[in-house]
Amino acid sequence: VESGQNYTSASLVQRLRKGGAPSTVRHSADPANLLTERELEIFDWIGRGHSTREIAHKLHLSPKTISTHRDHIKKKLEIDNNVRLVHWATEWVLTTN
């Protein structure tokens, strides 16, 4: 954390792996097959715990642009709120790395 890296506690990782996502978030579709490269990049940043403002800064884009991408991601993945988006993105990052 001190060096600017994200930290996820072992207990949180364990809970996410054991409990999985709520049934409303479980999708058979792979985000990699539904999202554009940029959307997938942003989905990955979300899953790593970065805010819209942080992602915008890192990608040299406006927060409004990132917010628009987040809306497109939610629509394509049929996610109805930001909490579920973060949950699914975090689960996806944990299972793909």
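Me: At roughly what angle do the axes of helix α5 (residues 63-76) and α6 cross?
Reply: This is a predicted model, in which local features need pLDDT of at least 70 and side-chain atom pairs count only at pLDDT 80 or more, while totals for chains, interfaces and linings use all residues. Residues are numbered from 1 along each chain as its sequence is written, and side-chain values use heavy atoms, with hydrogens and water left out. Axes are lines fitted to C-alpha atoms, for helices over the stretch in contact, with angles running from 0 to 180 degrees between N-to-C directions. The axes of α5 and α6 come within 11 Å, and they cross at roughly 80 degrees.

Me: Which residues of α6 make the contact with α5?
Reply: Contact means heavy atoms within 4.5 Å. By class, the contact has 3 nonpolar, 1 polar and 2 charged residues, where Ala, Val, Leu, Ile, Met, Phe, Trp, Tyr, Cys and Pro count as nonpolar, Asp, Glu, Lys and Arg as charged, and the others, Gly among them, as polar. From α5 come Arg70, Ile73 and Lys74, and they meet, on α6, Asn82, Leu85 and Val86.

Me: Is Lys74 buried or exposed?
Reply: Buried means under 20% relative accessible area, exposed over 50%, and partly exposed in between (1.4 Å probe, protein chains only). Lys74 lies in helix α5 and, leaving aside its neighbours within four places in sequence, is in contact with Ile79, Asn81, Asn82 and Leu85. Its relative accessible area is 15%, so Lys74 is buried.

Me: What distance separates the C-alpha atoms of Leu85 and Ile73?
Reply: Leu85 is found in helix α6 and is buried, with a relative accessible area of 0%. Beyond its neighbours within four places in sequence, Leu85 is in contact with Phe43, Ile46, Arg70, Ile73, Lys74 and Ile79. Leu85 and Ile73 are 12 residues apart along the chain, and their C-alpha atoms are separated by 8.4 Å.

Me: Which geometry does the aromatic pair of Phe43 and Trp88 have, stacked, tilted or edge-to-face?
Reply: Rings of Phe, Tyr and Trp (its six-membered ring) pair if their centres lie within 6.5 Å; planes under 30 degrees apart count as stacked, over 60 as edge-to-face and the rest as tilted. For Phe43 and Trp88 the separation is 6.1 Å centre to centre and the angle between the planes is 85 degrees, which makes the pair edge-to-face.

Me: How many residues apart in sequence are the parts that the pair of Phe43 and Trp88 ties together?
Reply: Helices (H or I, at least four residues) and strands (E, at least two) are DSSP runs, numbered from the N terminus. Phe43 is buried at 0% relative accessibility, and Trp88 is buried at 5%. Because Phe43 lies in helix α3 (residues 37-47) and Trp88 in helix α6 (residues 82-96), the parts that the pair ties together are apart in sequence by 45 residues.

Me: Which residues are linked into a cluster by ring pairs?
Reply: Phe43 and Trp92, which are both buried, have ring centres 5.5 Å apart and planes at 55 degrees, so that pair is tilted. Phe43 lies in α3 and Trp92 in α6, so this pair ties together parts that are 49 residues apart in sequence. The residues that ring pairs link into a cluster are Phe43, Trp88 and Trp92.

Me: What covers the buried residues of α3?
Reply: In α3, the buried residues are Glu39, Ile42, Phe43, Asp44, Ile46 and Gly47. Their cover includes α2 (31-34), α4 (52-59), α5 and α6.
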